[in-house]
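Below are some notes on the fold and the core, as numbered points. Please read them alongside the structure.

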Amino acid sequence: MTKIAIEVPTLWADHHVLKVREVLVNLEGVRDVYASSAWKQVLVDYNNREIKRAEIEEALAKAGYPAGEGEVPIVVQPNEIRRDPQWSVMGARTTETNRADLEMSGEFRRY
């Protein structure tokens, strides 16, 4: 088993985390995926005899989440309840809604 951390700069919201997990857990050879929108990182446990890192990154890119440049340190490990413990350290959790998302939903007319 191999464990890698991949920087994913476009991973900034919970629905992105869900999509990344959905894409990666369905790959042959991937055993576990932990994604953090707080750190914009994905931790992947996989069998390197069944799948290569390049194939994992290619699947991310095809899903719209290309990997960032270079290795990043693993700054957090998933806990037993599968929550990112760093949210409590970082303080209030805030997100900024992308204008394109608002326009598609029609919500932009309200503001």
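1. α2 lies across β1, β2 and β3, and its direction is at about 40° to that of β1. The coordinates come from a predicted model.

2. The protein chain holds four helices and three strands. Along the sequence the pattern reads β-α-β-β-α-α-α.

3. The three strands make an open sheet, ordered β1-β3-β2, with antiparallel pairing. β1 and β2 are the edge strands, each pairing on one side only. Direction ignored, neighbouring strands are turned by 15° against each other on average.

4. Between β2 and β3, which run antiparallel, there are six bridges. Tyr34 has Leu43 of β3 as its bridge partner. α1 packs on the sheet, where α1 touches β2 and β3, and the direction of α1 makes about 170° with that of β2.

5. The largest nonpolar core has 19 residues, and those touching the most other members are Val20, Leu24, Val42, Val44 and Ile56. At least two residues each come from β1 (2-7), α1 (14-25), β2 (30-36), β3 (41-46) and α2 (53-62). The element giving the most is α1, with four residues.

6. Which residues does Val44 touch, leaving aside those up to four places away in sequence? They are Thr2, Lys3, Ile4, Ile6, Leu24, Val30, Asp32 and Ile56.

7. Some totals for the protein chain follow. Of its 111 residues, 32% count as buried. The accessible surface is about 7,200 Å², with 50% belonging to carbon and sulfur atoms. Of the contacts between residues at least 6 apart in sequence, 65% join residues at least 24 apart.

Notes:
Residues numbered from 1 in each chain as written. Predicted model: local features only at pLDDT ≥ 70, side-chain atom pairs only at ≥ 80, totals over all residues. Heavy atoms only, no water. Core = buried A, V, L, I, M, F, W, Y, C linked by side-chain atoms within 4.5 Å. Buried < 20%, exposed > 50% of the residue type's maximum accessible area, 1.4 Å probe, protein only. Contact = heavy atoms within 4.5 Å. Areas by Shrake-Rupley, 256 points an atom, 1.4 Å probe, with all protein chains shown as cover. Pairing = 2+ DSSP bridges. Axes fitted to C-alpha atoms, helices over the stretch in contact; angles between N-to-C directions.
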